[in-house]
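Subject: Model for you to look at

Hi,

Here is the structure I promised to pass on. My notes follow below it.

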There are 2 protein chains.
Amino acid sequence: MGECFVERFEVEGAAKGPLAGLSFAAKDLFDVAGRVTAAGNPDWARTHDPAERNAWAVETLLGAGAKLVGKTVTDEISLGLLGINAFDGTPTNPRAPGHVPGGSSSGSASAVAQGLCDAALGTDTGGSVRVPASFCGLYGMRPTHGRLPVEGMLAQAPQSDTTGWFARDGRVFARVGEALLGEAPGALPGRLVLATDAFGFSDPAVRAALAPAVARLSDLVGERREDLLAPQGLSVWGRAQRSLQLAEAWTTFRGWVEAETPRFSFLVARTLIAGAAVAPADLAQAALMRDEARGRLAALLPEGTVLAMPTTPCPAPEIGLSLPAMDRVRDRINCLCAHGGLAGHPQISLPAGEVEGAPVGLSVLAARGGEATLLAIAEAWEGS
Amino acid sequence: MGECFVERFEVEGAAKGPLAGLSFAAKDLFDVAGRVTAAGNPDWARTHDPAERNAWAVETLLGAGAKLVGKTVTDEISLGLLGINAFDGTPTNPRAPGHVPGGSSSGSASAVAQGLCDAALGTDTGGSVRVPASFCGLYGMRPTHGRLPVEGMLAQAPQSDTTGWFARDGRVFARVGEALLGEAPGALPGRLVLATDAFGFSDPAVRAALAPAVARLSDLVGERREDLLAPQGLSVWGRAQRSLQLAEAWTTFRGWVEAETPRFSFLVARTLIAGAAVAPADLAQAALMRDEARGRLAALLPEGTVLAMPTTPCPAPEIGLSLPAMDRVRDRINCLCAHGGLAGHPQISLPAGEVEGAPVGLSVLAARGGEATLLAIAEAWEGS
């Protein structure tokens, strides 16, 4: 199956730093000085010059002493949740051979899961860190929207874009997070909410596979109750996020697309066209639903409370799905990821179970700005 | 600029035949035994086996003694009128360097115009022989719909698809036509209709450039009058043909697209998606307009009458247009080509003039089945 790197090279980190001895890779959406950010598309690469400086996230990890070992495959211009790239190939999912790795941070997740580096940078707009973390059995973080700088990271939909990361080991994951966030792991939370709609929406096999992890998380946290994540409907939130994100992505890429008429896989072209076709009235309605989602998550997640849900409603599908089958999987995944773009709360996916040998992740959300709580959970998860 | 051949090779024709001594190329939409028909798209090539036998048109020209010298570049799966292929490149237009050659039979027109072969096979669904003939200053034929077999030619929209051909020389053009049609050039027509709406729709510079050719054609034919081609509107016919053709193209390619999620240029993906999105009520309306167009052309073109109009409303645009600019040119060209798919009458484009050095063609339409009349005009045009 596919290579996870688009380019391998080494850039040494600062001689002394908290991440000395660790290696990392960067999704090829992050600038690395002197190299072209290809963004998973040959015509993007062809029409852009090499980056003049490192992206903020790359520079920060290098400054903390980690060594950069290469740039990784991404779904074209970060549009995709499955990790399929018709130009660069589909990176191996070493935890579920023959299955997709998840995307769009596919190569970063694959490289970490294969043990080719300790950590990797990804981006998450609509699920692009969370989904591959779930499918490859990794720790993955989507931070609070707006918390980490996105300088030098290729924008897709700025109102939803975030810089995230992966690791195999919870302690490494927390150390990388500390370097990026400038904040040490905090206290464990005291209250846990289980999102019954999200568990109910998932495959029964996923619910069963995650049950032991849910019990373990309950033991770590203490008080536990059940509630709905999205009273208006996970699918209603999913549609709102998709309208907002794709319309914004079209705004981002339209000038380039109209100037260059680039090559895309049919799926990616269709996604862009869907963004161009969002009606203004639907967009306005979606913006109202985003306000509702923000209100809902603020109410559910005061400081000291976390929410648990399946990261994805299913494990990684097999490679080779037809387009209608991919659409169906993508739409289902989107229903469980949409709150990220809508409300911007931080979320980690923990390695948590397997369905017929394929990993599925358990996600934990915190209050906005509550990453320290999530890092504490990751450390405890690794140790427990 | 771009290569016109995707593959060069030689297949000798029958030892004795009316086309002995002539060479031809085939658009890479026609099967050649033992070779993959790539149809201008790398994923079409990847997912199809080599052809078992020659397409009817290839076999017929070989049987008549012509030598096949290669397969030529086409717009992806024949969807395009400008001759731009993001994978194979844009074939040179030797008559207007820096301008597109027209498409989708771009490589065939380019090869003939460059003198690399005497004739070439193309296909014309919505203008794919007529447009490159006009832009490259060649003779080009779109025969009566249904007259020539399409076996071994990749279908796009079978209700509009035809097998056509190009030549630089009117006599060679007529000889190739005789071999394909099984019919010698006939008598010159006695009555000429000038399509005032089509001339009026064209760029003023095109009208001026074609004026001497119109006078010359009038002299050849004799009686002359003016009339409308499309009383309902060239743009109304254009929209009807585009709806019918694209909806049918989606029916043709949908299974493959959904199974393979192929790579396309953004323009081609968008065209397929437009076909998928045609509303049933619009399709039904378009089918009624096709009935009207058939009635109109039958009334305008009894046997012995021909109609003249500009093949294209403009000469070849420059390479490098933005997508909105390409859309505008494509839509304008479609207004002058739509009658072909709607009514199925035979049409030749004659080399007829130049606008700032770039060729423009004068088209002549005849009654259905009236190709012999058009071959006679081509011979006379070369000689006059």
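The C-alpha centres of domain 1 and domain 2 of chain A lie 21 Å apart. The bounds come from an automatic or database domain assignment: domain 1 is 5–181 and domain 2 is 191–234 + 281–383. Their contact takes 41 residues from domain 1 of chain A and 37 from domain 2 of chain A. Contact means C-beta atoms, placed from the backbone, within 7 Å. On the domain 1 side, H5(A) gives the largest share, 7 residues.

Before you go on: this is a predicted model, where local features need pLDDT of at least 70, side-chain atom pairs count only at pLDDT 80 or more, and totals for chains, interfaces and linings use all residues. Residues are numbered from 1 along each chain as its sequence is written, with chains lettered from A and ligands numbered from 1 in the order in which they are written.

Last, strand S2(B), residues 23–27. Strands are DSSP runs (E, at least two) and helices likewise (H or I, at least four residues), numbered from the N terminus. In S2(B), 5 of 5 residues are buried, that is, with 20 or more other C-beta atoms within 10 Å of their own, C-beta atoms being placed from the backbone. S2(B) runs parallel to S3(B), with 4 bridges, and parallel to S4(B), with 3 bridges. Phe24(B) stands opposite Leu68(B) in S3(B) and has Ala119(B) as its bridge partner in S4(B).

Best wishes

Notes:
Contact = placed C-beta atoms within 7 Å. Buried ≥ 20, exposed ≤ 12 C-beta atoms within 10 Å, placed from the backbone. Pairing = 2+ DSSP bridges.
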